[in-house]
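Welcome! Below is a short tour for anyone meeting this structure for the first time, taken a few stops at a time.

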Amino acid sequence: MSHWPIIPILLPLFAAVLLLVLERWRPAWQLPVNLLATAALLVICVGLLGRAADGGVTAYLLGNWQAPFGIVLAVDRLAALVLTLTAVLALASLLAAAPHWHRRGAHFHPLFQMQVMGLNGAFLTADLFNLFVFFEVLLIASYGLLLHGGGRRRLHASLHFVTLNLVGSALFLLGVSLLYGVTGTLNMADLAVKVAQAPDADLVLLHAAGLLLLVVFGLKAAVLPLGLWLPTTYSAASAPVAALFAIMTKVGVYAIVRVFTLIFVGERLAVAAPLLLPLGLATLALASLGALSAGSLPRLAGYLTMASAGTLLAAVGMTGDRALVAALYYLPQTTLAVAALFLLAELIARQRGDLAGALVGGPALRQPALLGGMFLLAAATLAGLPPFSGFVGKLLILRGALGQVGGFALWAVLLLSGFALLIAFSRAGSRLFWKVSPAQEGPRHGVLAMVPVFGLLAAGVLLAVLAAPVLRFTDAAAQQLLAPTGYIDAVLGARPVLRGGVTP
Amino acid sequence: MELMIALGVGLFAACGVYLVLRARSFDLILGLTLLSYAVNLFIFATGRLAVNRPPVLAPDTATTLAQYADPLPQALVLTAIVISFGMTALLVAIALAARRAGDDDHVDAGRQEPQ
């Protein structure tokens with residue numbers, strides 16, 4: 001049995017422990033070691049992506065116990081895709097933190113790796129209770145990271161963030177234990193089999209469990225009415241942390257896709273499917289309005305995170321596989337663009353002195369052409385202007401919605417929100433770059449500070465250039481999700497290795 | 001016993017929700033603790049309620065399902081307790097710091113950020 005699937009969990013774990021030790025003895029080594037670990041993680045994730053692209057589902061039995069009795073990790077195309085995305089984002093955030101952020105408080109590096117470990121674990125696990133555990137791992141690390149740098153705003157934002165997530169965790173446990181009480185299993189593949197055979201008398205309990213899980217994942221994905229914490233929390237976080245957090249809402253979307261394509265499928269059990277489209281559209285509409293009213297650049301980026309989660313959820317909620325293919329293409333590009341905007345917001349804020357990210361006229365920027373160009377690129381991608389990847393993604397979602405139930409509503413809301421986001425960006429851009437006095441305050445940024453933003457934006461452009469092969473991959477990933485028998489067979493069919501490497 | 005457990009879960013959950021909605025950091029922490037008690041009892045109950053049955057194989061007991069308690073919910077409860085304990089400790093620390101920074105234990109104390 002190959003051990004590759006567990007490396008994305010073990011590598012950050014060991015790196016975090018090592019970084020904790022280094023913090024005491026060799027603080028200067030922390031950054032290089034962390035960078036090395038994150039880069040190695042990226043290489044491994046790309047390797048897993050390559051394997052998942054042509055192979056089927058790889059199941060890994062932890063402790064060599066056969067499913068459903070032991071814990072299983074499973075890598076399919078979607079998992080490999082989001083793992084790679086996490087690694088790319090982690091590398092960019094770390095590079096952005098390298099100039100000065102990581103020294104602003106204690107334990108940044110270990111927490112960073114723990115957060116990556118929690119994310120990877122949540123994407124890899126094929127077990128509902130372990131999904132809860134990895135959620136908690138990534139949340140505990142995220143509380144620490146959110147507080148990184150200190151200050152009253154961060155304290156209050158994290159008080160709300162922690163409370164909401166604790167209530168979410170309680171609901172998650174209720175949903176999971178309801179499922180366990182009815183079916184007697186927690187393995188997602190086994191649940192898929194058992195839930196499909198459940199007697200009609202148990203349907204009410206199963207529906208309740210499914211909806212509880214939807215509430216929890218919706219809270220993580222910042223879906224209306226549970227998403228109003230997001231702009232405040234993300235705009236309070238330091239920029240590299242907020243950029244890394246851009247993947248956290250996608251964990252919620254990922255869990256929704258996973259659970260509601262695997263376990264709650266079919267006419268008897270599809271409780272969440274009819275809710276996803278309206279919830280997604282409402283989130284998108286509110287986030288677009290929020291973007292129009294945002295008073296600072298980080299807040300604007302926060303609302304865009306919400307908007308991307310809403311778009312994704314609406315696309316996932318469409319019937320037909322073409323919208324799902326489009327959503328899987330939209331997911332990486334929007335995550336990269338939002339993260340780039342968070343990092344860019346900080347670069348702009350530091351050149352504006354006391355005004356920081358507030359969207360009012362102020363002192364001129366030191367490097368207006370460079371920062372403005374990057375802002376234009378990020379804005380065009382996020383608002384969905386051609387020829388950037390955001391346009392390709394939105395176009396595909398619109399095409400996937402053609403002729404489907406609710407397709408008209410999706411067209412209307414998605415196009416209007418694109419328009420609203422365009423206005424929001426024009427307003428922000430004109431105040432930041434044009435309505436300026438000649439005075440210049442802040443420091444010039446070196447190449448090092450620009451690299452992560454450049455990298456993220458370039459990755460977005462690359463996604464548009466390579467749209468055809470990427471779409472072939474997401475198409476295959478969507479087919480794999482819509483035919484869950486492959487996943488179920490791989491997980492339940494994985495056999496433990498006996499001593500001497502013999503499989504029974 | 002079923003009724004007792006159900007009433008206990010309901011009572012804890014109701015008190016927990018009430019306290020969480022009070023929006024004072026001390027009440028909030030107390031409420032979240034009660035909520036987690038309710039959830040832990042609920043998890044425990046999902047493995048059938050039985051008295052005096054071991055969760056591990058015992059030498060002098062017949063190996064039928066009726067003789068044993070389900071060990072898995074007990075393991076899950078253990079994990080959930082550990083996690084919620086850690087989270088509560090963290091929340092206490094954050095609440096204390098926020099109390100000091102805002103001079104008030106209201107969860108929205110001293111907020112004057114620009115929207």
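## A buried threonine

Leaving aside residues up to four places away in sequence, T233(A) touches L146(A), A157(A) and F161(A). You can find T233(A) in helix α9 of chain A, which covers residues 229-236. With a relative accessibility of 1%, T233(A) counts as buried. As you read on, please keep in mind that this is a predicted model.

## Helix α8 and what covers it

Next comes α8(A), a helix of 18 residues. How far apart are the end C-alpha atoms of α8(A)? They are 26 Å apart, which agrees with the 26 Å that the helix should span at 1.5 Å a residue.

After α8(A) comes A222(A), whose phi is positive, near 60 degrees.

## Helix α18 and its buried face

Helix α18 of chain A takes in residues 467-482, and its 16 residues should span 22 Å at 1.5 Å a residue. Its end C-alpha atoms are 22 Å apart, in agreement with that expectation. The buried residues of α18(A) are A467(A), V470(A), F473(A), T474(A), A477(A), A478(A), Q480(A) and L481(A). Looking down the axis of α18(A), you would see these buried residues fall within an arc of 160 degrees, so they line one face of the helix.

Which helices do the buried residues of α18(A) pack against? In chain A, they pack against α2 (30-54), α3 (77-97), α10 (239-262), α13 (321-350), α15 (389-401) and α17 (447-465).

## Salt bridges

Side chains of opposite charge can pair when their charged atoms come close. Searching the whole structure turns up four salt bridges over all chains. Here is a look at some of them.

One of them joins D76(A) to R258(A), with the closest N and O atoms 2.9 Å apart. D76(A) sits in the loop between β2 (72-75) and α3 of chain A, while R258(A) belongs to helix α10 of chain A, so the pair ties together parts that are 182 residues apart in sequence.

D190(A) and K194(A) meet through their side chains in a salt bridge, 3.0 Å from N to O. Both residues lie in helix α7 of chain A (residues 188-196), four residues apart, which is about one turn of the helix. D190(A) counts as buried because its relative accessibility is 7%, under the 20% limit. K194(A) is partly exposed, with a relative accessible area of 34%.

The side chains of D200(A) and R268(A) also form a salt bridge, at 2.7 Å from N to O. This pair links distant parts of the chain, 68 residues apart: D200(A) is in the loop between α7 and α8 (203-220) of chain A, and R268(A) is in the loop between α10 and α11 of chain A. D200(A) counts as exposed, at 56% relative accessibility, whereas R268(A) counts as partly exposed, at 31%.

Which residues make the nonpolar surface patch of about 510 Å²? They are L289(A), L292(A), L385(A), F419(A), L422(A) and I423(A). Helices α11 (273-293) and α16 (407-433) of chain A each supply at least two residues of the patch. The largest share, three residues, comes from α16(A).

For a closer look at one member, take L292(A), whose place is in helix α11 of chain A. With 31% relative accessibility, L292(A) counts as partly exposed.

## A proline in a loop

The last stop is P443(A), found in the loop between β4 (436-440) and α17 of chain A. P443(A) is partly exposed, and its relative accessible area is 41%. Not counting residues up to four places away in sequence, P443(A) touches R350(A), Q351(A) and R366(A). P443(A) and R352(A) are 91 residues apart in sequence, and their C-alpha atoms are 9.1 Å apart in space.

Note on methods. Residues numbered from 1 in each chain as written. Chains lettered and ligands numbered in written order. Predicted model: local features only at pLDDT ≥ 70, side-chain atom pairs only at ≥ 80, totals over all residues. Heavy atoms only, no water. Patch = residues over 30% accessible without salt bridge, like charges linked within 9 Å, V, L, I, M, F, W, Y side chains within 5 Å. Areas by Shrake-Rupley, 256 points an atom, 1.4 Å probe, with all protein chains shown as cover. Buried < 20%, exposed > 50% of the residue type's maximum accessible area, 1.4 Å probe, protein only. Expected span 1.5 Å × (residues − 1). Arc of directions from axis to C-beta. Contact = heavy atoms within 4.5 Å.
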